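Student: Could we go through this structure together, one topic at a time? I would like to take it slowly.

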Amino acid sequence: QMQLVESGGGLVQAGDSLRLSCAASGRTFSRYHMGWFRQAPGKEREFVAITWTGGSTVYADSVKGRFTASRDNAKNTVYLQMNSLKPEDTAVYYCGAKSEFTAYKVPGTYDYWGQGTQVTVSS
């Protein structure tokens with residue numbers, strides 16, 4: 001069983017930066033692909049980025065060039081560095097763990113989720 005805890009969210013102004021962290025329990029962290037999703041009020045959970053077990057990353061078009069996902073397997077932690085934040089980035093950000101590579105943009109395919117951390121970007 002894996003437990004995920006996000007942190008690092010907050011209230012910032014447009015153009016600012018935030019670094020989110022997702023700390024995982026257990027000994028199998030390195031075997032999971034780690035995705036970042038976000039969910040704004042009234043919207044579905046949206047794919048943001050994923051860090052594969054091998055360390056490579058895939059990003060949603062909306063965040064390419066601004067966000068950077070990374071992982072530190074020694075610390076059982078995945079990060080999302082968010083730069084040049086925009087008001088439309090406002091959402092609750094979740095990390096998820098996924099054992100298989102397929103359908104990485106589909107929230108229902110993830111095995112574990114954190115409780116989320118709020119990111120609010122004011123204009």
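Student: What does the accessible surface of the chain come to, and what share of it belongs to carbon and sulfur atoms?

Tutor: The accessible surface comes to about 6300 Å², and 46% of that belongs to carbon and sulfur atoms; such areas come from the Shrake-Rupley method with a 1.4 Å probe, and for residues only the protein chains shown count as cover. Before we go on, note that this is a predicted model, where local features need pLDDT of at least 70 and side-chain atom pairs count only at pLDDT 80 or more, while totals for chains, interfaces and linings use all residues. Residues are numbered from 1 along each chain as its sequence is written, and side-chain values use heavy atoms, with hydrogens and water left out.

Student: How many helices and strands does the chain have?

Tutor: The chain has zero helices and 11 strands, where helices (H or I, at least four residues) and strands (E, at least two) are DSSP runs numbered from the N terminus.

Student: And what about strand β1, which of its residues are on the covered face?

Tutor: In β1, residues 4-7, Leu-4 and Glu-6 make up the covered face, whereas Val-5 and Ser-7 are on the uncovered one. In a regular strand the side chains alternate between the two faces of the sheet.

Student: Which strand does β1 pair with, and in what sense?

Tutor: β1 pairs with β3, residues 18-24, in the antiparallel sense over four bridges, and two strands pair if DSSP finds at least two bridges between them. The bridge partner of Val-5 in β3 is Ala-23.

Student: Changing topic, how many aromatic pairs are there?

Tutor: There are seven aromatic pairs. Rings of Phe, Tyr and Trp (its six-membered ring) pair if their centres lie within 6.5 Å, and planes under 30 degrees apart count as stacked, over 60 as edge-to-face and the rest as tilted. One of the pairs is Phe-37 with Trp-113, which is edge-to-face at 5.2 Å centre to centre, with 75 degrees between the planes. This pair links distant parts of the chain, since Phe-37 is in strand β4 and Trp-113 in strand β10, 76 residues apart.

Student: Why does Phe-37 count as buried?

Tutor: Phe-37 counts as buried because its relative accessibility is 0%, and buried means under 20% relative accessible area, exposed over 50%, and partly exposed in between (1.4 Å probe, protein chains only). Trp-113, at 26%, counts as partly exposed.

Student: Which residues do ring pairs link into a cluster?

Tutor: The cluster holds Phe-37, Phe-47, Trp-52, Tyr-104, Tyr-110 and Trp-113.

Student: Where is the charged end of Arg-45?

Tutor: The charged end of Arg-45 sits over the ring of Tyr-94, 3.7 Å from its centre. A charge sits over a ring if NZ of Lys or CZ of Arg is within 6 Å of the ring centre and within 35 degrees of the ring normal. Lys-98 lies over the face of Tyr-110, at 5.3 Å from the ring centre.

Student: One more thing, what is the phi of Asn-76, and where is this residue found?

Tutor: Asn-76 has a positive phi of about 55 degrees although it is not a glycine, and Asn-76 is found in the loop between β7 and β8. Ser-84 also is not a glycine and has a positive phi, of about 50 degrees, and Ser-84 is found in the loop between β8 and β9.

Student: Is Asn-76 buried or exposed?

Tutor: Asn-76 counts as buried, because its relative accessibility is 16%, while Ser-84 is partly exposed, with a relative accessible area of 41%.
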